[in-house]
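Here is a short report on a protein and its ligand.

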Amino acid sequence: MKLSKSPRINSLLYEMGFYSWLDIINYVPYRYDDLSLTQNFNFVDKQKVVLYGVIASEIDQVKPHKITITKFDLLVDKKVFHVVGFNRTYFNKAFKVGDFITLIGSYNKEHNYINLINVKKGSQEDKSPYLSNYHLVNGLSVTIFSNLVKRAFKELEGKIYDDIPYYLLNKHHLLHKQEALTKVHFPQTKDDIKEGLKYLKYEEALKFSLKTLLIKNENAKLTKYKKEPIDIDICQDFLNALPFKLSKDQYYVGKEIINDMNQNTLMYRLLQGDVGSGKTVVAFLALYANKLRGDQGVLMAPTDALARQHFKNALEIFSKLNIKVELLVGSINKTKRKEILDNLKDGIIDILIGTHAVFSKDVIYSKLGLAIIDEQHRFGVNQRQLLASKGNDTDLLMMSATPIPRSLALSIYGDLDISSIKSLPFSNKKIVTKIVKSTDEKIFSGIDYMIKNNRQIYVIVPTIEYDNENDFSIENIGSKYLLKYPGRVAILHGKLKEEEKEESLKKFYNHEVDILVSTLVVEVGIDVKSASFMIIYNANEFGLASLHQLRGRIGRDGYPSYCFLTYDGDDKSEQDKLNVLVKSFDGFYIAEEDLKMRGPGQLSGLRQSGLSDFKFLNLYNDIKIFQIARDDAKDILKRKEYDKNVYYLINKCQKEINDKKIIS
Ligand code: ADP
Ligand code: MG
């Protein structure tokens with residue numbers, strides 16, 4: 001369907017995955033700008049201000065570096081404010097002197113100007129004070145999109161139905177869907193946003209719960225063909241081949257998993273364990289046991305680098321045991337790939353390790369008995385479901401380093417059994433965490449010390465692109481490090497090409513360079529044992545859970561290690577947040593603190609946590625909704641008879657399961 005007359009806009013909409021008016025209407029704002037005008041002009045530093053006034057000077061636009069700087073004066077009630085905007089290339093085309101505008105900005109006290117955040121033509125007076133903001137691809141503006149949303153409401157008038165059964169709408173005092181969506185897109189008050197989102201969140205949670213329960217019921221009915229019985233006691237050769245002894249927890253969950261594999265129903269289990277708790281070796285143990293019963297196994301990792309790392313570790317152990325392990329990633333050449341696929345089909349390969357390439361259509365296993373997914377939250381529930389269907393008698397184990405409270409885990413992973421590793425293998429594991437200023441000399445003296453001792457260093461920054469001389473971007477900090485430590489630095493961030501990323505990681509992994517300057521992309525799974533210093537610039541910009549994950553990258557061989565969190569501001573709440581990390585190394589405790597600090601009631605319902613693929617629900621803030629919806633879903637499935645709209649809902653969920661859409 002053509003949503004716009006302009007082919008250019010249509011192709012942008014397709015790029016975003018919008019093919020119908022429903023797609024458009026279901027895409028909700030990620031943020032609302034409150035356009036109530038600021039009354040008091042005695043601004044404090046970094047204050048967010050909203051002003052209505054007239055552009056009172058020519059618009060001055062220059063491009064000294066890679067960025068465009070826009071400057072003009074805004075006259076508000078006889079008072080003049082200097083406005084500066086970064087990278088607003090369009091500005092002097094869209095506005096001219098004499099235009100009346102409503103402007104949102106943040107006040108910079110030191111240089112006495114207002115940093116432009118958003119701007120609208122005219123006054124907002126008789127319109128809603130809330131301006132909806134959507135995440136859109138380049139070239140698609142919020143104004144264009146808002147108009148499409150308006151159009152979508154017209155096109156769909158009377159055709160937006162409730163999936164939630166009426167008795168539940170009544171029970172929870174919910175609006176109808178049409179109203180809920182209207183309020184979320186075009187709110188008049190804060191309560192509108194809340195009420196609208198309440199519907200969308202509950203609907204999402206209810207359908208998700210129903211689907212996971214339906215899957216669980218179905219799984220319980222599936223039986224696998226009779227396999228050789230296995231037991232951890234017959235895995236002695238494997239345990240002897242390890243360079244260390246399993247910790248108590250590792251041994252216990254290993255037993256739990258093997259026991260589960262022995263049942264005549266399929267395993268569908270989550271292995272939870274804090275970063276560094278040693279899940280990989282438990283996965284290897286399960287793969288070994290699986291080989292003993294005569295089956296093939298596969299381990300999938302979210303990134304190329306992580307897959308290679310697992311492969312290397314696996315080779316060290318399994319080559320001693322005469323077990324054939326192979327690596328399959330996207331970058332492997334054609335001939336090699338064909339050889340692997342042939343050997344896999346013929347059962348010559350016992351264990352395959354790789355990225356999602358291991359589940360490509362043309363990859364055929366001779367006898368897949370166990371599939372393991374590392375860092376499963378990176379894949380999303382929908383993909384998980386797809387993987388489970390690769391073999392008919394395949395046990396599934398998922399691993400996650402994201403500590404979430406148990407009550408919540410039950411709601412989110414309702415379809416899974418859960419094993420947990422609670423303690424780290426090193427009890428003496430010590431990482432000294434400190435909050436320092438970004439200019440602190442200890443940073444560079446620490447780096448020099450570490451380099452002298454043949455240790456490696458992570459430097460983590462929050463953003464990629466250069467914004468100003470003092471920012472903490474890859475382009476800025478990275479260049480400074482490259483200059484200061486020539487030949488010793490590799491750079492890593494999400495916008496690099498796959499080969500470039502790999503190259504950087506390889507250099508760091510093989511200790512060809514001492515320092516890796518990276519964004520959050522390094523958060524997942526990388527295990528470089530000689531890394532014992534991490535500097536996280538502007539650490540307050542990261543969530544606690546991410547910081548904890550990041551810090552887990554160092555101190556992996558017991559060498560005394562340091563994590564410096566830089567913070568230059570003096571906001572007490574930011575300091576308190578960072579102090580949680582100074583005091584604790586317990587992922588579950590940190591997750592709970594994180595939850596407490598963020599508190600409920602944030603405006604936007606989108607995935608700030610990065611933990612999941614939910615459109616509206618937030619794992620941290622919406623625990624209550626998850627729990628309520630789960631209870632309702634259980635109730636529904638207990639009934640002997642359904643009325644029409646419950647029947648409709650279940651059918652719809654079943655259909656989405658068949659389409660592998662667990663989160664819709
Ligand atoms: P994660 O659970 O974060 O995936 P890994 O499996 O990468 O953790 O293990 C973290 C580090 O701890 C690895 O270097 C691994 O070799 C080491 N390790 C795992 N188990 C033990 C153990 N029982 N004793 C000593 N070191 C261990
Ligand atoms: Mg891991």
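The structure holds zero disulfides, a disulfide being a pair of cysteine sulfur atoms within 2.5 Å. C563 is buried at 1% relative accessibility. C653 is buried too, at 0%. Buried means under 20% relative accessible area, exposed over 50%, and partly exposed in between, with a 1.4 Å probe and protein chains only.

This is a predicted model: local features need pLDDT of at least 70, side-chain atom pairs count only at pLDDT 80 or more, and totals for chains, interfaces and linings use all residues. Residues are numbered from 1 along each chain as its sequence is written, chains are lettered from A and ligands numbered from 1 in the order in which they are written, and side-chain values use heavy atoms, with hydrogens and water left out.

**Domains.** The protein chain splits into domain 1 (7-161), domain 2 (220-421) and domain 3 (431-584). These bounds come from an automatic or database domain assignment. Between domain 1 and domain 2, the C-alpha centres lie 48 Å apart.

**Ligand site.** Ligand 1 is surrounded by 16 residues, and the closest are K245, Q250, G276, K279 and T280. A residue counts as near if one of its heavy atoms lies within 4 Å of the molecule. The shell draws at least three residues from each of domain 2 (220-421) and domain 3 (431-584). By class, the shell has four nonpolar, six polar and six charged residues. Here Ala, Val, Leu, Ile, Met, Phe, Trp, Tyr, Cys and Pro count as nonpolar, Asp, Glu, Lys and Arg as charged, and the others, Gly among them, as polar.

| Protein atom | Ligand 1 atom | Distance |
|---|---|---|
| K245, polar backbone atom | nitrogen | 2.8 Å |
| Q250, polar side-chain atom | nitrogen | 2.9 Å |
| R556, polar side-chain atom | oxygen | 3.3 Å |

On its own, ligand 1 has 570 Å² of accessible area, and the protein covers 86% of that. Accessible areas come from the Shrake-Rupley method with a 1.4 Å probe.

**Buried elements.** M398 sits in strand β14 (residues 395-400). Its relative accessibility is 0%, so M398 counts as buried. M398 and E375 are 23 residues apart in sequence, yet 7.6 Å apart in space, C-alpha to C-alpha.

Helix α18 (residues 544-551) is mostly covered, with seven of its eight residues buried. They are L544, S546, L547, H548, Q549, L550 and R551. Helices (H or I, at least four residues) and strands (E, at least two) are DSSP runs, numbered from the N terminus.

Key
Polar contact = N/O pair within 3.5 Å; in protein donor to acceptor, adjacent residues only side chain to side chain.
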